[in-house]
Every structure is written in C-alpha cells, then in structure tokens.
Amino acid sequence: MKEWNAVVTVHEEGYSRARRLLEQFGEVAKTGFFNILVMRAAEPDRLLGSLEELARQDPDALLPLARVMPVVRTVSFQSPEEFETKTCQAVSSWVPRLSGAGFHVRMHRRGFKGKLSSLEEEHFLDRYLLETLERAGTPGRITFDDPDAIIALETIGPQAGLALWTREELRRHPLLHLD
C-alpha cells in the first residue's frame, strides 16, 4: 500500500485477527516486516478512539494489537540525505506547537538497515527542532520525563510517517506505546 496513514504492530499469533479487526476501519495491507501492518484508515484522526470504544464493549477485542500509530504526514525517500531533508520539512510545521515545550522524537525504523539509524535520526531531528526553536526565540528542551509532546516517526522501507502527540493524547491513547 503506497498511501498509508497508520502503522500497526501485531502480537505474535494475532496477525489474522488483527487484519479482520482493522478492516472495519479502513484498508489494511501487509508489509515485508514481521508482524507489521499498514492501513489507510477512513478516519485516521478517530482511529484510536474507535478502537478504544470497541475495547470498552469487548475487553478482548484489541488483544492482537501491540501498537497502533496513526500518522498525519508521510514522505517518500531514497537516501538518508533525502530522508533528513523531507522529515525536517515535515516537522517544521510543528515548531509553533513546540515553543517552550519539553519534547523528543521517537523513531521506529523498518528497512534501510545499515543506512538509517533510529537513534541517530532521533538525535538529528531533536537538534534540528531545538535550533529552529532557538532561532525563533522560543527555545524548547529535550526531555524523556513526562514530555509535553513526542514526535513519532515510523518508517516502512522508503516511506516515513510522522505525527505529533501531546502529553494528554499519550495518556488518553494507550495503544500508542511510544516510550
């Protein structure tokens, strides 16, 4: 699937159940990565809430799902340099929301092994955002202890999806499992 807006990690032995469960919320596709699905949710901004409502009705409904990550921006890339250029452009629109805030970037990389390092790219984007906030006169800080926001970055081969999650959203949506 070329145009996905959510990445789903599935518990072992839960692949088929997860696909059937998610198909009621949009198109679901397998990836070349173990226990990882992508989907094009019909209403990505409501996906987590819809799944949580389902769990209130049936507490076992979400057992096959380990993690669900809707994204609001996707970029395609063919090299680490292009990845960095495009992700910097994508996160730039969130600078006003990060003004004076404590945050960090969390990346889950699938593909580009040996070419992209999750840790190095997290640090790269953290530095980029800190420098951009400093230049804007609204410095932020990197924190892992109860951050105001986390920028989630998911890669599936040569595509990356990004989302910014606030402290309140992270508390409200346990399926995010960012840290």
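Start by selecting E1 and E4: these two strands run antiparallel and are joined by five bridges. (Strands here are DSSP E runs of at least two residues, helices are H or I runs of at least four, and both are numbered from the N terminus; two strands pair if DSSP finds at least two bridges between them.) Zoom in on Thr9 and you'll find its bridge partner in E4, Arg67.

A word on what you're looking at: this is a predicted model, where local features need pLDDT of at least 70 and side-chain atom pairs count only at pLDDT 80 or more, while totals for chains, interfaces and linings use all residues. Residues are numbered from 1 along each chain as its sequence is written, and side-chain values use heavy atoms, with hydrogens and water left out.

Now show the whole sheet. It is open, with four strands in the order E2-E3-E1-E4 and antiparallel pairing. E2 and E4 are the edge strands, each pairing on one side only. From one strand to the next, the twist averages 20° (axes are lines fitted to C-alpha atoms, for helices over the stretch in contact, and angles run from 0 to 180 degrees between N-to-C directions).

Contact means heavy atoms within 4.5 Å.

Which residues touch the most other members of the largest nonpolar core? Pick out Met39, Leu51 and Leu65, from a core of 35 residues. (Such a core is a set of buried Ala, Val, Leu, Ile, Met, Phe, Trp, Tyr and Cys residues joined through side-chain atoms within 4.5 Å; buried means under 20% relative accessible area, exposed over 50%, partly exposed in between, with a 1.4 Å probe and protein chains only.) Center on Leu51: beyond its neighbours within four places in sequence, its contacts include Leu21, Phe25, Val68 and Leu175. Then hop to Met39 in strand E3, which counts as buried because its relative accessibility is 0%.

Last stop: the other sheet. Five strands form it, open and mixed in pairing, in the order E5-E9-E8-E6-E7. E5 (73-76) and E7 (141-142) each have a single partner strand, so one side of each is left without a neighbour in the sheet. E6 (residues 102-108) pairs with E7 in the parallel sense over two bridges; select Phe103 and its bridge partner in E7, Ile142. Finish on H5 (residues 118-135), which lies across E6, E7 and E8 at about 150° to E6.
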